[in-house]
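Welcome! Here is a short tour of one structure, with a look at its charged pairs and its strands. Take a moment with the sequence and the model before reading on.

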Amino acid sequence: MEPFFLPENIEGELVIIKQHQPHEAKALFDLVDRDRERLRKFLPWVDSTQTLQDEKNYIGNCLDSWDQQTIFAYSIYRKADMELVGVGNVHSIAWTHERCEVGYWIASEFEGQGLISDFVRTIEKTCFELGFYRIEIRCDSKNTRSAAVALRNGYQKEAHLRSDSVLNGRRRGTLIFAKLKTD
């Protein structure tokens, strides 16, 4: 499959997914900063996002990656009121193999509303329609909420990589879930 661009804006049932933009830096930083301790349990980048400038740099890197067709990073908005609730992306793209990974996080105040599940369903539908055959979701083996999103949306658990990395000084495992276009 030849590389292509994902849509910059995608509408789901509950969410609106928009390509990151520089004007969102403060709102994204505030989401991270309010939920820093919870997020850093599972995500390696939290400690390197200490200032608004760090968030601006992140968005700039996301836009560069978008242009290079290596990562498509999105802000996730609750459709009902256009409140920014989290971030999702398509990354680890293997164009030749028609495979990608979907990642996501949501601020704790918005958990349990079905927003991340809607993000997954919406981005998955788009990826499959555009030609991907396999989509993976990977998460920390102790992140039960993220794993539940994958299972709830029909992803099959394919692996548990035991102690495969170190995050914030502790060994962690990784769960790998996948869905095929034919599932």
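Is Arg121 buried, exposed or partly exposed? Arg121 counts as partly exposed, because its relative accessible area is 36%. Please keep in mind that this is a predicted model.

**Salt bridges**

Arg121 has a charged partner, Asp118, and their side chains meet in a salt bridge with 3.5 Å from N to O. Both residues belong to helix α4, where they sit three residues apart, about one turn of the helix. Asp118 is buried, since its relative accessible area is 3%, and that is under the 20% cut-off. As a general point, side chains of opposite charge can pair when their charged atoms come close.

Another of them joins Arg38 and Glu111, whose closest N and O atoms are 2.9 Å apart. That pair links distant parts of the chain, with Arg38 in helix α2 (residues 36–40) and Glu111 in the loop between β5 (99–106) and α4 (115–130), 73 residues apart. Arg38 is partly exposed at 24% relative accessibility, and Glu111 is also partly exposed, with a relative accessible area of 26%.

| Salt bridge | N to O distance |
|---|---|
| Arg38 and Glu111 | 2.9 Å |
| Arg121 and Asp118 | 3.5 Å |
| Arg134 and Glu136 | 2.9 Å |

In the pair Arg134 and Glu136, the closest N and O atoms lie 2.9 Å apart. Shared partners join Glu101, Arg134, Glu136, Arg138 and Glu158 into one network of salt bridges. Arg134 counts as buried at 18% relative accessibility, and Glu136 counts as buried at 10%.

How many of the seven residues of strand β6 are buried? Six of them are, so strand β6 (residues 134–140) is largely enclosed by the rest of the structure.

Which strands pair with β6? One is β5, which runs parallel to β6 and is joined to it by three bridges. Within this pairing, Cys100 stands opposite Ile135 in β6. Between the two strands, the chain passes from β5 through α4 to β6, and this β-α-β crossover is right-handed.

Strand β8 (residues 170–180) is another partner, and it pairs with β6 in the antiparallel sense over seven bridges. Here, Asp140 stands opposite Thr174 in β8.

Key: Residues numbered from 1 in each chain as written. Predicted model: local features only at pLDDT ≥ 70, side-chain atom pairs only at ≥ 80, totals over all residues. Heavy atoms only, no water. Salt bridge = Lys/Arg side-chain N within 4 Å of Asp/Glu carboxyl O. Helix = DSSP H or I, 4+ residues; strand = E, 2+ residues; numbered from the N terminus. Buried < 20%, exposed > 50% of the residue type's maximum accessible area, 1.4 Å probe, protein only. Pairing = 2+ DSSP bridges. Right-handed = clockwise from strand over helix to strand, strands pointing away.
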